[in-house]
Amino acid sequence: MRGLYIGRFQPYHLGHQAVLEEIAREVDEIVIVIGSAQESHGPENPFTSGERMEMIYAALGKGELRKRCIVTTLQDINRNSLWVSHLQSMVPCFDLVYSNNPLVIRLFSEAGVEVKKPPLYQRDVYSGSAIRALMRERGDWERLVPPAVAGFIQEINGVERLCQVSKSDSVHSADSA
Ligand code: NAD
């Protein structure tokens with residue numbers, strides 16, 4: 001039995017990890033799809049798909065769980081009605097999907113694919129947008145992601161990148177005007 005878990009993972013956090021561990025209790029293999037693969041260097045999507053893949057592999061470590069996971073990437077398309085077919089044409093076969101994202105649930109359900117909703121793990125705390133906000137405020141974001149992911153983000157100066165790409169150019173324009 002193979003389950004599919006799709007997310008943007010901007011960044012990969014402990015909520016994602018908890019979901020993954022839950023899925024691993026139910027299926028033999030997990031296809032982890034890094035969505036919006038074309039996005040990076042923006043306030044909502046600071047990390048490249050390659051960096052997000054590194055985060056996931058770092059969090060998986062070298063144990064049994066890693067051997068059961070296939071990590072791949074997928075670009076968005078601008079027609080939601082065709083997205084499930086697009087995904088199915090690009091990723092390994094799977095039997096069911098795990099998601100709490102309403103659009104993802106809707107599109108797979110309409111396509112006749114079984115969708116399970118994993119339990120939410122403190123969604124207000126463990127959420128990509130809350131973690132990116134903490135990063136911008138130079139707050140305590142590290143405790144919300146697996147330690148190996150925190151180390152990787154520090155290695156690539158991810159917080160500096162996020163802060164820089166989140167700035168407006170108005171101050172700079174005013175200075176140079
Ligand atoms: P995400 O990283 O925000 O979340 C991934 C999954 O983890 C989601 O199911 C989310 O509900 C769940 N999750 C997050 N925090 C959790 C927590 N604390 N507890 C339990 N579950 C938690 O990613 P996402 O935005 O859901 O990713 C969907 C991807 O699918 C995006 O890349 C999107 O662009 C793509 N998509 C594309 C199209 C298209 O191209 N037309 C259409 C639909 C979806």
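Which residues does tyrosine 5 touch, not counting residues up to four places away in sequence? I began my notes on this predicted model with that question, and I found that tyrosine 5 touches Val19, Leu20, Ile23, Ile30, Ile32 and Tyr98.

**The core.** I then looked up the largest nonpolar core, which has 33 residues, and noted that Leu4, Tyr5, Tyr12, Met55, Ile56 and Val149 touch the most other members. Among the elements that give two or more residues to this core are strand 1, helix 1, strand 2 (29–34), helix 2 (49–60) and helix 7 (147–155), and I wrote down that strand 2 supplies the largest share, 5 residues.

**The ligand.** Turning to the ligand, I counted 27 residues around it, of which Gly7, Gly15, Gly35, Asp76 and Asn100 come nearest. Strand 1 (2–7), helix 1 (14–26) and helix 5 (102–110) are the elements that give two or more residues to this shell. When I sorted the shell by class, I had 12 nonpolar, 12 polar and 3 charged residues.

**The loop between strand 1 and helix 1.** Two residues here held my attention, since most residues other than glycine have a negative phi, and most peptide bonds are trans. Phenylalanine 9, which lies in this loop, has a phi near 55 degrees, a positive value in a residue other than glycine.

Is phenylalanine 9 buried or exposed? I noted that phenylalanine 9 has 26 other C-beta atoms within 10 Å, so it is buried, the cut-off being 20 or more. Histidine 41, in the loop between strand 2 and helix 2, also has a positive phi near 55 degrees, but with 12 C-beta neighbours inside 10 Å histidine 41 counts as exposed.

**Serine 81.** I placed serine 81 in the loop between strand 3 (69–73) and helix 4 (83–90), where serine 81 is exposed because 10 other C-beta atoms lie within 10 Å. From serine 81 to arginine 143 I recorded 62 residues in sequence and 38 Å in space, C-alpha to C-alpha.

**Helix 6 and helix 8.** Last, I looked at how helix 6 (residues 128–136) packs with helix 8 (residues 158–165), and noted an angle of about 90 degrees with the axes 9 Å apart, so the two helices are roughly perpendicular to each other. Arg132, Met135 and Arg136 in helix 6 meet Val159, Leu162 and Cys163 in helix 8, a contact whose residues divide into 4 nonpolar, no polar and 2 charged.

How values were computed
Residues numbered from 1 in each chain as written. Predicted model: local features only at pLDDT ≥ 70, side-chain atom pairs only at ≥ 80, totals over all residues. Near = placed C-beta within 6 Å. Helix = DSSP H or I, 4+ residues; strand = E, 2+ residues; numbered from the N terminus. Nonpolar A, V, L, I, M, F, W, Y, C, P; charged D, E, K, R; others polar. Axes fitted to C-alpha atoms, helices over the stretch in contact; angles between N-to-C directions. Parallel < 35°, antiparallel > 145°, perpendicular 65-115°, else oblique. Contact = placed C-beta atoms within 7 Å. Core = buried A, V, L, I, M, F, W, Y, C linked by C-beta atoms within 7 Å.
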